[in-house]
Amino acid sequence: MIGVKKIAHATYETPDLDQQIEYYTDILGLTLVSREKDAAYLASTLDHHSVVLRKGEHGKCVRLGFQIGPDDDLDAFEKQTAAHGIKTQRKKDPEPSVSDMVTFDDPKGTVMEVFKRGEFSHRKFPTKGIVPHKLGHVAFFVKDPKKTTDFYCNVLGFRVSDWMGDFFSFLRCGTDHHTINLMRDEHDRHFHTAFELRDWGHMLTACDTLSLNGYKLLWGPGRHGIGHNLFTYHRAPNGLITELFAQLDQMNEALGYFEPRPWHRDHPQRPKVWTPDPSASNYWGIMPTDEMHK
Ligand SMILES: [Fe+2]
């Protein structure tokens with residue numbers, strides 16, 4: 001099957017576009033690359049954009065963009081998707097830098113935008129704000145994590161990296177341990193959006209940047225058990241949670257285990273079902289505040 005290879009961007013509805021643009025540029029250090037009346041495109045990497053903001057009533061993740069490989073055929077991907085009984089749409093020149101796109105809904109109603117990267121941005125990295133490497137993953141609360149996990153695996157080609165019990169899945173589409181996470185809840189909604197930082201030192205300056213600008217951490221710093229990444233979480237002005245992480249597990253597909261790290265407790269560290277134990281959430285012991293689930 002043709003599977004997606006990388007998350008390219010995520011699109012959010014947000015009530016105050018200017019305030020959210022200021023957060024992404026001045027605090028996170030993304031670059032505003034294009035501004036339309038009710039939309040803004042922000043970039044962190046070689047991709048033209050990593051985040052799209054559109055005016056809306058509430059903070060909400062509404063679309064996810066995924067790239068297929070340079071040698072993959074978008075027509076064949078569309079046929080493969082339609083063969084699952086999924087209604088697809090084809091869009092030509094739907095957004096800056098994307099010439100051809102297949103779209104369809106996932107089970108919770110988030111629009112999947114699948115395309116082939118035609119060109120790279122050659123932008124210089126900014127020098128103000130946190131400046132993450134990239135958009136790393138987007139996590140959602142979903143009513144039925146098993147059903148949604150099956151959809152991401154069967155339709156988009158994701159692989160399961162880990163489960164916590166039967167209620168929280170971690171799915172990869174490349175070497176990163178997870179690009180999509182799905183946690184059971186009563187309502188389908190965004191949980192957090194995560195950007196990758198360089199290392200522990202970068203996390204320290206990121207926390208100081210957040211603090212100096214009035215952003216308090218909701219949880220962290222800590223080290224997750226599942227994925228083993230260093231993490232901190234804070235809330236963006238539109239009410240959605242942002243995670244900043246580093247040292248996420250990297251899968252060696254040929255060998256079937258994650259690259260060895262000193263903090264692993266399994267040798268080798270393979271995909272598995274984790275017991276819902278506090279250390280699966282944070283090896284360092286501090287549990288999330290109630291704020292994390294609001
Ligand atoms: Fe995360």
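Visitor: Which residues does F104 touch, not counting those up to four places away in sequence?

Guide: Keep in mind that this is a predicted model. F104 touches F77, T81, I86, K87, T88, T110, V111, M112, V114, F151, V155 and L156. Touching here is a matter of heavy atoms within 4.5 Å.

Visitor: What makes F104 part of a nonpolar core?

Guide: A member has to be a buried residue of a nonpolar kind, Phe among them, joined through side-chain atoms within 4.5 Å. F104 sits in the largest such core, which has 53 residues. Along with Y24, L64, F66, Y152, L156 and F158, F104 touches the most other members.

Visitor: How do you know that this core lies between the two domains?

Guide: Domain 1 (6–116) and domain 2 (134–293) both give residues to the core, so it lies between them.

Visitor: Why are β2 and β6 called edge strands?

Guide: The open sheet runs β2-β3-β4-β1-β5-β8-β7-β6, with mixed pairing. β2 (31–36) and β6 (89–95) each have a single partner strand, so one side of each is left without a neighbour in the sheet. From one strand to the next, the twist averages 25 degrees.

Visitor: How do you know that β5 and β8 count as a pair?

Guide: Pairing takes at least two bridges between the strands. β5 (residues 60–68) and β8 (residues 111–116) have six, in the parallel sense, so they qualify by that rule. Q67 stands opposite F115 in β8.

Visitor: Which helices lie across β7?

Guide: Helix α2 (residues 74–82) lies across β5, β6, β7 and β8, at about 5 degrees to β7. Helix α3 (residues 145–156) lies across β5, β7 and β8, at about 140 degrees to β7.

Visitor: What makes H137, H192 and E243 donors of the iron ion?

Guide: A donor has to be an N, O or S atom within 2.8 Å of the metal. NE2 of H137, NE2 of H192 and OE of E243 coordinate the iron ion at 2.0 to 2.1 Å, so they meet that cut-off. Along the chain, the spacing is H-x54-H-x50-E. H137 lies in β9 (residues 134–142) and E243 in β16 (residues 241–246), so the pair ties together parts that are 106 residues apart in sequence.

Visitor: Are H137 and E243 buried or exposed?

Guide: H137 is buried, and E243 is as well.

Key. Residues are numbered from 1 along each chain as its sequence is written. This is a predicted model: local features need pLDDT of at least 70, side-chain atom pairs count only at pLDDT 80 or more; totals for chains, interfaces and linings use all residues. Side-chain values use heavy atoms; hydrogens and water are left out. Helices (H or I, at least four residues) and strands (E, at least two) are DSSP runs, numbered from the N terminus. Axes are lines fitted to C-alpha atoms, for helices over the stretch in contact, and angles run from 0 to 180 degrees between N-to-C directions. Donors are N, O and S atoms within 2.8 Å of the metal (3.2 Å for Na, K and Ca); water is not among the atoms, so sites may look incomplete. Buried means under 20% relative accessible area, exposed over 50%, partly exposed in between (1.4 Å probe, protein chains only). Domain bounds come from an automatic or database domain assignment.
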